[in-house]
Amino acid sequence: MFGEDDAVRSHKGRLDLIGNIVVLFFLVIFARLWYLQIYSGKELYRYSIENTLRKETINAPRGMIFSRNNQLLIHNIPRFDAVIIPQYLKNKKESIKKLGMILKMTPEEINKTLKKNRGQARYRPVVIKKNISRKEVAIIETENFKMPGVMVQTFISREYSDKEIGGHLLGYISEISQAQLPKYRKRDKFNYKLGDFIGQAGLEEQMDLQLRGEDGFEFVRVDARGRVRKNIKGEDLFSEVRNKKSTPGNNLRLTVDRDLQITAYNSLEGKVGSAVAVDVNSGEVLAMVSRPSFDPTQFSRGLTSEYWKSLIENENNPLRDRTIQEHYSPGSTFKTITAIAALEEGIVKKDQVIQCGPTFKLGRRRYHDWKRGGHGPTDVYKSLKRSVDVYFYKIATQLDIDVLADYARKFGLGTKTGVLLPRETSGLIPDREWKKKRFGEEWQLGETLSCSIGQSYILTTPLQLAMAYAAIANGGTLYYPYLIKEIFKNDGEVIQKFSPKEVSKINVSKDTLDAIKKGLYQVVNERKGTAWWYRGVGIRMAGKTGTSQVKSMTSKELFSKCEEMPYRDRHHGIFVGYAPAYDPKIAVAVVVEHGCHGSSAAAPVVRDVITKYMKKYHPELHAKYAEEDKKKMKQFWLEEKARKEQLKKEQDENSEASAGSAQEDT
Amino acid sequence: MRFNAAGLLDIFKRYDFSFFGIATAIFIIGILNLYSATSGSPNMAGLYKTQIVYFCVALFVGMAVSFLGPKNFYRYSYMFYFFNIFLLVVVLFMGHKGMGAQRWLVIGPIRFQPSEVMKMSAVLCLARWWSKHDTDRELGIKELIIPFGISFVPALLIILEPDLGTGLLILLIFFVMAFYRKLKWKTLMIIIAIGTISGALMYKFGLKDYQRRRILTFIDPTADARGSGYNAIQSKIAIGSGQFWGKGWTKSTQASLNYLPENHTDFVFSIFNEEHGFVGAMILISLYIVLFFRFLWLASSVTRLFDAVVAVGLMSIFFWHTFINMGMVMGLMPVVGLPLPLMSYGGSSLVTFGICCGIATSLSNSRNLF
């Protein structure tokens, strides 16, 4: 034991040294304290009492969004708020009364606002009135010294050129909510705080990180009453503090054409629905509108409760983007896919004629054609042209649902297109496995029949339909739909360029596609085609009508007039078309909710959009086609006249003949 | 019954109250200061109550430790150390994230930072090693390899969390203890040289952005782009504006305006200085120095080398925290985020210091047993 005791004692020297070092270290602390508190204490005291620094955020201007033709779709416009900083508020009653007089508010209202924000730090400004006029700004600025604590704050309001048009596509920005804070902090690894504006829908949300830019800050010397003071040279301790400039957000140039947006939106006037137009040969989205819509400007200015109420009380849900967030049964527009599958699988030949009566009987159930009398002998062209249900029932009996589903998926149906917009829905292409999983039941042949004409479980979005028809039109290339041509900085430097991207080359023979295209051409351009009356002039459109049943119907209901049914039970009208038929450039899909018919409700919208497109981008072609159409129609009317005369003549002859025979009888 | 009462009296007689006494005195100053520092902002106003609860826990745990025989510290020191290393590894992989670093371990209602306890485990482990090895010679590089490993492994794990301050602190503690255990002067110089070079290398390659920024800010506040130089300046203003007598309790202008960030944790000392001035600071610093010298006295009066090395190690835990915290608040060194012992808000650190006092008290009590 003594040995160890010695060991401890032998360390005594080092222990004393450590003691000395401790004292020495604290002498440094002591000296520093002396320097700060005694030597420069007076000056620092003055700083702490008279001058304080206020850190002011400089909001980065949010990036702008341009149309494909460089038209500005979103402006940033400076607006002003009247604010009170409670920390600096002196003579509270008087200041509030004065401010109330300027803003035409009662002191009670102002007090209420102040009370509501009592929880936050006293140096943070409380907004009393938003978006005040320039006159009010001027009065507050001049009266400012009489009302310490009352100030004007500038903010940048984001205003959307075309208001409701394309509201869903552009989206809106609004203050980040308490619930969103943790989620977004994690997602973006960025320390958002309450009061920050973020994109909440559409491109504003999707491209938020690009558009946002980076806020800067500035240290402002303020006196004890919160008034900004100029820096006085020579005595400035704060000169060590650096400010930081804000970095403006990046700008977007879209693939979207503003005129087409306006045309599509206006063409949907009075309807609930949506329209998507895409470039057939690249996947560029040319137009994307949904109605009813909303005005995004209202959101960035701080929503009024009336406006918000009008949005959420509208049973048609204006906030929903019907082009990608809503899915519908594609109805007869899906027959194209069924026809392709049947041709490719060798179930029918393209010229093979099938007898199509008014119904098709499977087991004990009768499947009705939309036309009460049936269509008689039908080949694949006629099946599309006149949308012959029974033709498809018949081929569906030999078409396995898994095979059909495969073809549908090849054309991008039932999966998200991957368009750069938030909350896209995938739609649904059912197959055996899906049904087993979902319902625990086996697939029924009858369901294949319903699916073959695009009813039953099949669901697609308008954007998917547009892309699928674009793929048919361009000979089998499925593109990703894309909205943004390029992202560029304020000085014009391009950061990112987007180019067409293929999802896949669809493995379908040219022969099949040509047959389908011929059928789709006849739908619009031949007498008795379902969209014949909506063919337009000078656009040479091809396409397919569709009717999406909202609820299942008895045969009696099926033939009752759609317009006479209650609004919510009426069918959705769908039309998907492309043009020009044999040199396709643009594909358009339109769904009109409860519009009853694809032809009368949706086809005119497609026609309008394509007409606008042709006039704007291919005027010579448009003129040429118009000329040809005129001739063709002249010819048509001549033929029609001849046909009628012929008919009349036959009738006359018949009656004469019958008269003759009557005579003979007598 | 009679025996027990006599036993209790006996324990009471030779119980060394000095460590807990000084610590409590500092804590009382701390709680008054904390009350003042947090009263300005509504969402922190109740923190001082929580702190009192933490202190009660720390006192209880510390007292409990003080009744353990010093032989236990020796016997379990290695086990303790390796278990703690294990906890550090666990925390690295599945710890609870707070403030951008993975430092917390959550077990039911208890959350604590293994890195806090690691300081003590390292001290005990090093003390055991040095009380059995090389007791008869001065320490050169060769003798330092294993002890350095003992402190470097946990330091590295802690730096990875990342908590640079605590990691380096363990190396500093190791350094003081090695010095006590007769580190050769030549070796000392070499270590300083290596430390400088590896520090420079680490700055260049091993630091996180915010850590590098803090150091840059310290070297040149104007170079700072994010405004942490602003904190340093505000802290300096707070301290200086206290002048000789201070502005008076709860009269701080800097704290109540929320100019000082973290004024309840790392920056308590600047509020204290603002309100109590040079005089107050002298009194507080004196209390700390008395505490340090009590540890050093303990190291000289125990009979076993293990106990002595432990006492020096515990002293250096307190010392480095105090010195570094005061230094960074006054702009003498970069902001590394070490709390001021017994003054800063926080349960983990309070409990750590409570246990330190408990160990010291136990060692002190056992001096007279033989």
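This report describes a strand sheet with its packed helix, and a helix pair, in a predicted model.

## Basis of the model

Local features need pLDDT of at least 70 and side-chain atom pairs count only at pLDDT 80 or more, while totals for chains, interfaces and linings use all residues. Residues are numbered from 1 along each chain as its sequence is written, with chains lettered from A and ligands numbered from 1 in the order in which they are written.

## The sheet and its helix

In chain A, 3 strands make an open, antiparallel sheet ordered E4-E3-E5, where helices (H or I, at least four residues) and strands (E, at least two) are DSSP runs numbered from the N terminus, and two strands pair if DSSP finds at least two bridges between them. Strand E4 (126–129) and strand E5 (150–160) of chain A are the edge strands, each pairing on one side only, and the twist averages 50° from one strand to the next (axes are lines fitted to C-alpha atoms, for helices over the stretch in contact, and angles run from 0 to 180 degrees between N-to-C directions).

Strand E3 (residues 74–84) of chain A is joined to E5(A) by 11 bridges, the two running antiparallel, and A:Ala82 has A:Val152 in E5(A) as its bridge partner. Helix H6 (residues 134–143) of chain A packs on the sheet and touches E3 and E5 of chain A, its direction making about 155° with that of E5(A); contact requires C-beta atoms, placed from the backbone, within 7 Å.

## The helix pair

Helix H16 (residues 389–396) and helix H19 (residues 445–452), both of chain A, have axes that come within 9 Å and cross at roughly 140°. H16(A) and H19(A) are therefore oblique to each other (under 35 degrees counts as roughly parallel, over 145 as roughly antiparallel, 65 to 115 as roughly perpendicular and the rest as oblique). The contact involves A:Phe392, A:Tyr393 and A:Ala396 of H16(A) with A:Thr448, A:Leu449 and A:Ser452 of H19(A).

How values were computed: Two residues are in contact if their C-beta atoms, placed from the backbone, lie within 7 Å.
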